[in-house]
Amino acid sequence: MNTPKIHDDSATPPAAMLLMLCVYVCFTFLDTSSKYLVLAGVSALIVAWTRFAIHVLLVGVFLRGWREPSRFRANNLPAHILRGCLLFGSTMFNILALRTLQLAETTSIYFFGPMVITALAGPLLGEWAGWRRWLAILTGFVGVLIITRPGVGVFGIGHLFALGSMLSNSFYVIMTRRMSASETSESLILFSALAPAVLLLPMLPFSLSLPQDGWHWAILLMLGVFGAGGHWLLVQAYRLATTTALAPYPYSQMVWMIISGWLIFHQLPDRWTLLGAAIIVASGLYIIHREHRLRLRNSASLDTEAETLAKKL
């Protein structure tokens with residue numbers, strides 16, 4: 001798509017909305033397929049590695065890396081490797097969590113990530129949150145406690161893996177923010193999948209739990225398509241609308257996860273999971289709203305300063 005970027009935060013074209021909904025349908029297929037495979041006995045490591053390996057191949061094909069290889073040059077290779085390992089950790093922990101948790105449970109805990117990122121952005125990026133956003137972060141944490149319910153026999157290894165996935169992804173996002181100023185978009189997309197695919201290659205011979213039939217092999221190979229396709233659609237959506245305008249749409253994944261869990265695994269989240277998810281989503285949406293208001297206020301302040309300066313000149 002060659003549509004120019006839209007800079008008006010209030011303008012969200014229908015095409016961008018549709019793309020964002022398709023993005024999280026792809027990610028729902030990715031998680032559903034991963035859960036299906038690990039429950040069928042396929043190694044979690046095989047599932048994760050295949051997802052990244054096919055992602056690398058698709059990025060090379062669709063971005064035509066052989067034409068302008070300079071676009072993929074890494075200015076800080078160690079940082080790329082660390083960032084790729086964080087993404088692998090997030091993916092691997094999520095797959096392990098899906099062995100015992102419902103899709104809606106892992107997604108609810110994952111939604112606490114934006115609040116963790118807001119908290120970490122202060123010490124790591126110098127982007128400090130005010131007391132209102134800190135209150136929203138604490139409220140979101142209450143939602144996590146409602147879902148996991150530690151101390152009442154509900155909290156298990158699956159919840160621990162889900163929290164590990166969420167934390168790994170939070171640090172991955174923080175690194176992406178820091179590296180985006182010095183690295184190309186193409187290198188960030190490529191190395192996030194290439195680093196874990198290469199580093200984990202020597203471990204594959206020790207993972208002998210492979211798919212047993214053609215159907216499972218087909219699902220395994222589709223993992224990379226769902227992952228890479230979702231990220232590609234995400235890029236297209238951000239070409240049409242601003243980050244602020246599209247920020248609430250990730251929460252639509254909860255709907256797809258509940259539907260997928262019911263259709264494929266005959267599972268529905270209990271009332272505690274739904275209550276905790278509602279609290280986390282509400283807290284996340286408030287943080288999005290608050291950051292949007294602060295951006296508008298800062299923009300208005302800069303415009304006023306520029307107007308004052310112009311009058312003095």
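Colleague: Which element gives the most to the lining of the second largest pocket?

Modeller: That is α1, with six residues. This is a predicted model, in which local features need pLDDT of at least 70 and side-chain atom pairs count only at pLDDT 80 or more, while totals for chains, interfaces and linings use all residues. Residues are numbered from 1 along each chain as its sequence is written, and side-chain values use heavy atoms, with hydrogens and water left out.

Colleague: What makes this space a pocket?

Modeller: On a 1 Å grid over the protein atoms alone, a pocket is an open set of points with protein on both sides within 12 Å along at least five of seven lines, and a residue lines it if it has an atom within 4 Å of a point. Here 14 residues line the second largest pocket, and those nearest its centre are Thr-28, Phe-29, Thr-32, Ser-260 and Ile-264. Its space comes to about 260 Å³, a volume being what probe spheres set on the points fill.

Colleague: Which elements each supply at least two residues of that lining?

Modeller: They are α1 (14-39), α9 (214-240) and α11 (253-265). These are helices because DSSP gives a run of H or I of at least four residues. The chain has twelve helices and zero strands.

Colleague: What is the lining of the second largest pocket like by class?

Modeller: Ten residues are nonpolar, four are polar and none is charged. Asp, Glu, Lys and Arg would count as charged; Ala, Val, Leu, Ile, Met, Phe, Trp, Tyr, Cys and Pro are nonpolar, and the others, Gly among them, polar.

Colleague: Now α11 again. Why does Ile-258 count as partly exposed?

Modeller: Buried means under 20% relative accessible area and exposed over 50%, with partly exposed in between (1.4 Å probe, protein chains only). Ile-258, in helix α11, has 24% and therefore counts as partly exposed. Not counting residues up to four places away in sequence, Ile-258 touches Ala-104, Gln-267, Leu-268, Pro-269 and Leu-274, where contact means heavy atoms within 4.5 Å.

Colleague: Why does Gly-113 count as buried?

Modeller: Its relative accessibility is 3%, so Gly-113 counts as buried. Gly-113 lies in helix α5 (residues 113-125) and, leaving aside neighbours within four places in sequence, is in contact with Met-166 and Ser-170. The C-alpha atoms of Gly-113 and Gly-284 are separated by 9.0 Å, at 171 residues apart along the chain.

Colleague: And what makes Ser-108 count as buried or exposed?

Modeller: With 1% relative accessibility, Ser-108 counts as buried. Ser-108 sits in helix α4 (residues 103-110); beyond its neighbours within four places in sequence, its contacts are Ile-147, Met-254, Thr-273, Ala-277 and Ile-280. For the whole chain, 47% of the 313 residues count as buried.

Terms used
On a 1 Å grid over the protein atoms alone, a cavity is a set of points where a 1.4 Å probe fits but cannot get out, and a pocket is an open set with protein on both sides within 12 Å along at least five of seven lines; lining residues have an atom within 4 Å of a point.
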